[in-house]
Amino acid sequence: MEKVLEKAKGNMIARETLLSEYACKSSAGVLLKDDKEDIRPIFFRDIDRIIHSLAYTRYIDKTQVYSFIKNDHITHRVLHVQLVSKIARTIGRSLRLNEDLIEAIALGHDVGHSPFGHKGEKYLNEICKREKIGYFYHNAQSVRVLKDLEKINISIQTLDGILAHNGEILINKYEYNSEKTEEDFCKELNSVFHEEGYSKKIVPMTLEASVVRLSDIIAYIGRDIEDSIKIGIIKREELPKHITDVLGDNNSKIVDTLIKDIIINSFDKPYLTFSENVFNELVKLMDWNYKNIYASPEANKHQDIIEELFYQLYDCYLRKVESFGENKKLTQSEKNLYDFIKGKGDNTSIKRALIDYIAGQTDQYFLNECIEHVREINIEELYK
């Protein structure tokens, strides 16, 4: 039996002999703490641990772009990370990079996202600044969720790739720093929480992480257009012709163009890059999307209400935490909150724990908590 398992383990990593010299091999993987032997290579095991995490399960009801839309075909966070994974693995396989590491980073990169997408992230960041407890960025929160809240033993390479992803920043040369250490990673993680805008400075330790970073953009840029057309925010013929002539006029063509362009221009190179023409039009498409999709009334529907609720729910939680020692009977919701913050130390830790608690909620759970603790909300009205 032991010999069979050893052979099985060998089979799992044999294909890595075909990987590029720029790929991160499983043998280079570093765990935060020692772990028992396993037939799975380290990054393959990372994938399993991420998809079995509680945070991964909560992807199912977290906003991508549109929150209050009754349409089952609109993208939610759970589909987005799968799209990122598939696109990144296509690029990674073509460039002979480590697909296991790519998939682990891709599937875990958004587990720290708040309810109501980037708007929710903004509100939590403002609360953190008000409370003087640092900053809130979903990339660092994703690492915090896996490493500190769920205490999952994930490799440094996967966590570093999650920390380094930033789908809002487009550059035309994605490099990596193979000399980066575990200590460097920990310092960067701390800096993201305590230095505003530090995320923009991070260069990942693997080329696989760079693949996920640009695949994040490829996954949403065309998909958000399709979602917007479905719900009538834009029309396909409104897309600028100078962009569609280069990239295509639908998600399938855009994804195909961008993937092939990256592969052609990055093959056997220690970095990733687009051709100049494709990159320039991609920059213009991102700008067009921001003006016509992300800044649209539909994408910002009821955000005045949601923003107010974020502040009110946080303040309500803080008051409740201060009264937990009074031995009163707790509702199930209050017990959930109590169990989450129990054992947290000083006031700053409790405040950060409350940010963690809200960030981990799905859209619906957040609204339910607001109804119980803040004020009555007619959820049906929000969808009109």
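In this predicted model, helices H15 (residues 332-341) and H17 (residues 363-373) pack against each other, their axes coming within 11 Å. The axes cross at roughly 115 degrees. Angles of 65 to 115 degrees count as roughly perpendicular, and H15 and H17 are therefore placed in that class. The crossing of H15 past H17 is left-handed.

Which residues of H15 and H17 meet? From H15 come Ser333, Glu334 and Asn336. From H17 come Tyr365, Glu369, Glu372 and His373. Sorted by class, this contact holds 1 nonpolar, 3 polar and 3 charged residues.

Now turn to a second helix pair. Two packed helices are described by the angle between their axes and the distance between the axes. The axes of H10 and H13 (residues 276-294) come within 11 Å. They cross at roughly 40 degrees. H10 passes H13 in a left-handed crossing.

On the H10 side, the contact uses Ile217, Tyr220, Ile221, Asp224, Ile225 and Ser228. On the H13 side, Leu282, Leu285, Met286, Asn289, Tyr290, Ile293 and Tyr294 take part. By class, the residues of this contact divide into 10 nonpolar, 2 polar and 1 charged.

In soluble globular proteins, nonpolar side chains tend to be buried together. Here the largest nonpolar core has 85 residues. Within this core, Ile91 and Leu258 have the most contacts. Helix H10 (residues 207-230) gives the most to the core, with 11 residues.

What does Ile91 touch, leaving aside its neighbours within four places in sequence? Its partners are Val211, Leu214, Ser215, Ile218, Ile259, Ile262 and Ile263. A second core is separate and has 32 residues. Phe68, Phe136, Phe310 and Cys370 are among its members.

Next, consider helix H4. Ser85 lies in H4. Is Ser85 buried or exposed? Its relative accessible area is 2%, so Ser85 is buried. Not counting residues up to four places away in sequence, Ser85 touches Glu103, Ala106 and Leu107.

Arg96 sits between H4 (77-94) and H5 (99-108). Arg96 is not a glycine, yet its phi is positive, at about 60 degrees. Its relative accessibility is 36%, so Arg96 counts as partly exposed.

Phe116 is found between H5 and H6 (117-131). Phe116 has a positive phi of about 65 degrees, although it is not a glycine. How accessible is Phe116? Its relative accessible area is 3%, so Phe116 is buried.

Helix H2 (residues 42-51) is mostly covered, with 7 of its 10 residues buried. The buried residues are Ile42, Phe43, Arg45, Asp46, Ile47, Asp48 and Ile50. What covers them? The cover includes helices H3 (54-57), H5, H7 (138-149) and H8 (156-164).

Lys230 is in helix H10. At 43% relative accessible area, Lys230 is partly exposed. Lys230 and Ile74 are 156 residues apart in sequence. In space they are 8.1 Å apart, C-alpha to C-alpha. Which residues does Lys230 touch, not counting residues up to four places away in sequence? They are His73 and Ile74.

His302 lies in the loop between H13 and H14 (303-323). With a relative accessible area of 22%, His302 is partly exposed; buried would need a value under 20%. Leaving aside its neighbours within four places in sequence, His302 is in contact with Phe68, Glu381, Leu382 and Lys384. One of these, Phe68, belongs to the second core of 32 residues. His302 and Lys201 are 101 residues apart in sequence and 33 Å apart in space, C-alpha to C-alpha.

Methods
Residues numbered from 1 in each chain as written. Predicted model: local features only at pLDDT ≥ 70, side-chain atom pairs only at ≥ 80, totals over all residues. Heavy atoms only, no water. Core = buried A, V, L, I, M, F, W, Y, C linked by side-chain atoms within 4.5 Å. Buried < 20%, exposed > 50% of the residue type's maximum accessible area, 1.4 Å probe, protein only. Helix = DSSP H or I, 4+ residues; strand = E, 2+ residues; numbered from the N terminus. Contact = heavy atoms within 4.5 Å. Axes fitted to C-alpha atoms, helices over the stretch in contact; angles between N-to-C directions. Parallel < 35°, antiparallel > 145°, perpendicular 65-115°, else oblique. Left-handed = near helix turned anticlockwise from the far one by under 90°. Nonpolar A, V, L, I, M, F, W, Y, C, P; charged D, E, K, R; others polar.
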